[in-house]
Amino acid sequence: ETPAPVGASDPVTAPLAGTIWKVEVSAGQVVKEGDVLLILEAMKMETEIRAEKDGVVASVSVKPGDAVQVGDLLIAVA
């Protein structure tokens, strides 16, 4: 498997509007498919946002307490 070229990161976007409750990863961290990246709270429900593939966290665009809308960039995984 060849490494992704620099800049070829996959965005992880908000599936629903809510508030960032907890960020479980930081930039540079290696993640595996299925790992919890962050927890989004919407309508009093916690939703775990998980990695869709193995990779490295390229950037984290949100912090706990941030309000997000559907489609907002949360994390980029390279």
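Residues are numbered from 1 along each chain as its sequence is written. Because the model is predicted, local features need pLDDT of at least 70 and side-chain atom pairs count only at pLDDT 80 or more, while totals for chains, interfaces and linings use all residues; side-chain values use heavy atoms, with hydrogens and water left out.

Strands here are DSSP runs of E with at least two residues, numbered from the N terminus, and two strands pair if DSSP finds at least two bridges between them. Strands of a sheet pair through backbone hydrogen bonds, either parallel or antiparallel. In this model, 4 strands make up an open sheet with antiparallel pairing, in the order 1-8-6-3. Its edges are strand 1 (10-13) and strand 3 (30-31), each of which pairs on one side only. Strand 8 is in turn linked to strand 6 by 3 bridges, with Ile75 standing opposite Val60. Finally, strand 6 (residues 55-60) pairs with strand 3 over 2 bridges, where Gly55 faces Val31.

A pocket is an open set of points, on a 1 Å grid over the protein atoms alone, where a 1.4 Å probe fits, with protein on both sides within 12 Å along at least five of seven lines; lining residues have an atom within 4 Å of a point. Strand 1 gives the most to the lining, with 4 residues, and strand 5 (45-50) supplies at least two. Among the lining residues are Leu37, Arg50, Glu52 and Val77.

Turning to the interior, a nonpolar core is a set of buried (under 20% relative accessible area, 1.4 Å probe, protein chains only) Ala, Val, Leu, Ile, Met, Phe, Trp, Tyr and Cys residues joined through side-chain atoms within 4.5 Å. The largest such core has 16 residues, and those touching the most other members include Ile20, Val31, Leu74 and Ile75. Strand 4 (36-42) and strand 8 each supply at least two of its residues. Beyond its neighbours within four places in sequence, Leu74 is in contact with residues including Val12, Ile20, Leu38, Val60 and Val68, contact meaning heavy atoms within 4.5 Å.

Technical notes
Buried means under 20% relative accessible area, exposed over 50%, partly exposed in between (1.4 Å probe, protein chains only).
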